Structures are given as C-alpha cells and as structure tokens.
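Me: I have a structure open and would like to go through it slowly with you. Could you take my questions one at a time?

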Amino acid sequence: MKNRLRVLRAERDWSQAEVAQRLRVSRQTVNAVETGKYDPSLPLAFEIARLFGRTIEEIFEAESDDTSHQSHQDLH
Amino acid sequence: MPSEKRRWLGCSGASVAQFVWAGVFCAGAVASVVLLRLFHLGLPLRIGVLLLAILPGVLYILTMIRDIRRLDELQQRIYLEAISVAFAGTFLFAILYPTLRQAGFVPAMSPTEVSVVMVALATVSYLVAKRRY
C-alpha cells in the first residue's frame, strides 16, 4: 500500500519522532509505514488521517488501484 | 504508548520490572533447588520453598503481558513473530530430541538447557523481525 505520509510530514516540517509522539507509537512504526514495509491497522490509519486533517483515502492508496481501475475500464 | 511510559522500556519493549522479576525468578529457582537438596523439609516448608520460584515467575509473566499491551501494533507483531518462532522451534526440538540424541547430534540436555534454546530462538527471531521493519 502506497502512502503520502512522508510528504505530509515534510509539509509540516515534523520529524518521524514528532509524528510518533503525536500518534503515540514508536518511531520505527512511523518509519515502517512511510517506507511501505508495514500497513497500519484501521484505527492507526484513522489516527494518522486525523493528525494530518485528511481522509484515509487521501493518504493511503492500494497498490492494485491502477490495475483494478484499468480492468474495470476494460469491461466497458 | 505515552512517551513517559516508553522511556522505561528497553529496545525489546521489556520494562525494568520485567528484567527484575526474571532475575528474582532465576535466583528463586536456584535457591529452591539448593534448599531442597540441603534440607529434608516437611510438606508445608517444601511448598513454601517452591513458591520462592513460582511467585516471581508468575509476576514475571504478568509484567511481560503488561509490557506487551503497552507496545504499539508493529512492536506487538515483532514480539508475536519472535514468540511464535521460539514456541514452534522448541516444540519441534522437543519432538525431535530423542532422534537427535540417538543419532548423536545433541548431548543429554536438562529442561533448563532446553529453555536456553527457546530463549536463543526468541532472541534471534526478534532481531530478524525487527530488522525486517
């Protein structure tokens, strides 16, 4: 799953440690989510969305979205 | 996890209390073995001596569970992977032990020595899982 966490964090000039503190998780977790090594749970995704004032869809995007969209178009 | 709590947790997510109870448990276990070997105690005292090891052991488990609950979801996943590998590895080792022993690949081992294998497996798998993320 791709995400815009790094971009949103950079916009606010927050460090990973700062985001981790605000989300009450470890810095390793923030880094793992940013680099796509770990997909957060739905409650944590909501926490992230709330922190940045965005919706979950604006931050996270499924990797297969393009493919499924393409196949959907192919059907028409 | 609140930051003021986090500072008490080590790199493995274990609090100081967890290490303390593990130490007290080991000391209690050794002391109970020594006492039972040295003295011929009556049943009530034998139970008391056994509790020397069992009570810190129970407190160790309770502290470990409390520490795991304080971890965030990724750290809990890492912990779960480490414990799963340690459990499955020790289980397989225990099942295969008679065969390995018969074939001469492992020496005679006490249950305490087998627990060292479990701790080693947990440590290695913890480090591997932590590195992956």
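Me: To start, which residues does V19(A) touch, not counting residues up to four places away in sequence?

Reply: With those close positions left out, V19(A) touches R9(A), W14(A) and V30(A), where two residues are in contact if their C-beta atoms, placed from the backbone, lie within 7 Å. This is a predicted model, in which local features need pLDDT of at least 70 and side-chain atom pairs count only at pLDDT 80 or more, while totals for chains, interfaces and linings use all residues. Residues are numbered from 1 along each chain as its sequence is written, and chains are lettered from A and ligands numbered from 1 in the order in which they are written.

Me: And is V19(A) buried or exposed?

Reply: V19(A) is buried, because 23 other C-beta atoms lie within 10 Å. The rule is that a residue is buried if 20 or more other C-beta atoms lie within 10 Å of its own, exposed if 12 or fewer, and partly exposed in between, with C-beta atoms placed from the backbone.

Me: Where does V19(A) sit in chain A?

Reply: V19(A) is in helix α2 of chain A; helices (H or I, at least four residues) and strands (E, at least two) are DSSP runs, numbered from the N terminus. Although V19(A) and L5(A) are 14 residues apart in sequence, their C-alpha atoms are 9.9 Å apart in space.

Me: How do α2(A) and α3(A) pack, in terms of angle and axes?

Reply: Helix α2 (residues 16-23) of chain A and α3(A) pack at an angle of about 110°, and their axes are 8 Å apart. Here axes are lines fitted to C-alpha atoms, for helices over the stretch in contact, and angles run from 0 to 180 degrees between N-to-C directions. That angle makes α2(A) roughly perpendicular to α3(A), since angles under 35 degrees count as roughly parallel, over 145 as roughly antiparallel, 65 to 115 as roughly perpendicular and the rest as oblique.

Me: Which residues make that contact?

Reply: From α2(A) come Q16(A), A17(A), V19(A) and A20(A), and from α3(A) come R27(A), T29(A), V30(A) and N31(A). Sorted by class, the contact of α2(A) with α3(A) has four nonpolar, three polar and one charged residues. In this sorting, Ala, Val, Leu, Ile, Met, Phe, Trp, Tyr, Cys and Pro count as nonpolar, Asp, Glu, Lys and Arg as charged, and the others, Gly among them, as polar.

Me: What about the loops, say R24(A): where does it lie?

Reply: R24(A) lies in the loop between α2 and α3 of chain A, and R24(A) has a positive phi of about 60° although it is not a glycine. With 14 C-beta neighbours inside 10 Å, R24(A) counts as partly exposed.

Me: And D13(A), which loop is that one in?

Reply: D13(A) is found in the loop between α1 (5-11) and α2 of chain A. D13(A), which is not a glycine, has a positive phi of about 60°, and D13(A) is exposed, with 7 other C-beta atoms within 10 Å.

Me: Stepping back, how many helices and strands does chain A have?

Reply: Chain A has six helices and two strands, and read along the sequence they follow the pattern β-α-α-α-α-α-β-α. Of the 76 residues of chain A, 20% count as buried.

Me: How many residues does each chain bring to the contact between A and B?

Reply: The contact takes 11 residues from chain A and eight residues from chain B. On the side of chain A that touches chain B, helix α3 (residues 27-34) of chain A gives the most, with three residues, and the residues of that side divide into four nonpolar, five polar and two charged.

Me: Now chain B, what is its pattern along the sequence?

Reply: Chain B reads α-α-α-α-α, with five helices and zero strands. Of its 133 residues, 14% count as buried, and the C-alpha atoms of chain B fill a box of roughly 50 × 45 × 15 Å, taken along the principal axes.

Me: Last one, where is S84(B)?

Reply: S84(B) lies in helix α4 (residues 73-103) of chain B, and S84(B) counts as partly exposed, with 13 C-beta neighbours inside 10 Å. The C-alpha atoms of S84(B) and L121(B), which are 37 residues apart along the chain, are separated by 9.7 Å.
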